[in-house]
Amino acid sequence: MPAESTLLLATLFVIAAAAGWAFARFSDNKQRQADTAQLSADYYRGLNYLLNQKPDEALEVFMRMTELDDEAIETHLLLGSLFRRRGEVDRAIRIHQNLIARPDLTGLQRDQALYALGEDYLKAGLFDRAEDLYEQLAESETHSVDALEGLVNIYEQEREWLRAIEARQRLEKLLTPDGRDVIPHYYCELAQEALKRKAFTEARQFLKKARTGRNRTARGAMMRGDIARELGDCELALKLYERTLQQDPELLSEILPRAHGCFTKTDKESTERFSRLVTEWITRNEAIRDELAYASIVNGLVGVPVIDEAVLEYVRQSDALAALFSAVVSDETIQDAGAIHRIHKALHRIAKRSSRYRCRDCGFSGAKLYWQCPSCKSWDTTRPIGHFRFESLLHPGVVTG
Ligand SMILES: [Zn+2]
């Protein structure tokens with residue numbers, strides 16, 4: 001047993017025993033004094049077992065205690081929680097089941113024990129049992145929010161999106177709504193599953209519902225754009241990609257290759273139309289040049305004049321990159337299509353090796369876009385890193401941003 005946990009448990013039991021002793025000492029009731037003295041003796045025995053690294057023997061002592069006062073129940077709950085946190089879920093479950101079976105618990109104590117047992121089951125991967133307990137507690141006065149959060153967590157893990165929607169709606173009735181609305185993402189997940197089955201109409205219906213939340217996610221417009229493109233309606237796809245960018249400019253590196261896919265790469269006129277579209281984006285927001293250059297580098301998108309120009313500017317702005325490339329490409333030839341292509345290719349290789357997405361909430365970074373962060377489980381917090389300082393690879397210590 002790690003020293004820190006042992007110390008914590010020991011402190012717990014000393015407090016509990018001391019409280020019991022004080023109560024007995026100042027109580028006039030002889031029977032109460034005798035009961036409390038017995039309780040204290042049991043605690044010391046349990047504590048002794050714990051200190052001697054015999055948690056099972058300690059557990060037996062606690063299980064056999066016939067009568068528990070409020071402090072003892074509180075201590076049992078803390079002990080169970082400590083066992084769970086240490087990964088000893090079986091012991092936590094035994095403690096909490098034992099507590100629930102006792103007839104002398106108040107309503108609140110019973111709810112606390114039920115909720116704790118639900119957490120044990122969740123940790124043990126026994127989702128069905130946890131779900132049953134949380135469902136029981138969803139209407140309780142004290143644990144409804146915790147229980148509904150538990151249900152949402154289970155349904156998200158099991159990807160049961162319709163049930164997640166229902167649980168989240170119940171939860172939102174109890175909470176003051178904040179800016180974030182997760183339900184549209186559940187509909188997007190349902191649409192994603194329908195898309196895998198090529199059930200486009202069904203996917204569209206889910207995406208329509210995704211637009212009814214408190215705040216829309218740009219993901220919905222992007223997915224509708226993908227459906228339109230898949231069905232050959234490029235004009236509509238481009239409109240929806242535009243809408244995605246208006247809602248969330250940070251998704252540029254996702255939208256750029258999608259929009260490019262709507263044009264025929266080998267056709268000169270088609271390339272010019274794509275070039276005009278990108279020029280419009282830049283005219284609307286001059287500040288996106290760097291993001292555009294980076295997005296084209298990470299997506300390996302080369303050969304579109306306006307984007308190639310942005311990449312060259314991007315390289316020239318960086319002293320380190322400009323110096324590096326001037327060593328292999330002269331000032332006169334840097335404008336050549338072949339030279340731009342080589343620069344692009346070199347940067348593309350570096351960019352592919354770096355983390356391209358980061359969660360705003362917890363900083364988790366990875367190589368692909370997760371709509372739910374795998375680390376902190378927040379929704380819609382991971383975005384492409386809009387700009388990467390390639391110099392950071394040349395001079396370690398320079399922070400990427
Ligand atoms: Zn995160």
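I started with a term: donors are N, O and S atoms within 2.8 Å of the metal (3.2 Å for Na, K and Ca), and water is not among the atoms, so sites may look incomplete. With that in hand, I looked up the zinc ion and found it coordinated by the SG atoms of Cys359, Cys362, Cys373 and Cys376, at 2.3 Å.

A note to myself on the source: this is a predicted model, where local features need pLDDT of at least 70, side-chain atom pairs count only at pLDDT 80 or more, and totals for chains, interfaces and linings use all residues. Residues are numbered from 1 along each chain as its sequence is written, and side-chain values use heavy atoms, with hydrogens and water left out.

Next I checked the geometry. The four donor atoms subtend angles of 105 to 113° around the zinc ion, which makes the arrangement tetrahedral (for four donors, all angles between 85 and 135 degrees). Along the chain, I read the donor spacing as C-x2-C-x10-C-x2-C.

Cysteine 362 sits in the loop between strand 1 (357–359) and strand 2 (365–366), and cysteine 376 in the loop between strand 2 and strand 3 (382–384), so the pair ties together parts that are 14 residues apart in sequence. (Strands are DSSP runs of E, at least two residues; helices are runs of H or I, at least four; both are numbered from the N terminus.)

(Buried is under 20%, exposed over 50%, partly exposed in between, with a 1.4 Å probe and protein chains only.)

Last, the whole chain: I noted 20 helices and three strands, and 49% of its 401 residues count as buried.

Note on methods. Four donors count as tetrahedral if all angles lie between 85 and 135 degrees; four count as square planar and six as octahedral if opposite donors are over 155 degrees apart and all others between 65 and 115; anything else is irregular.
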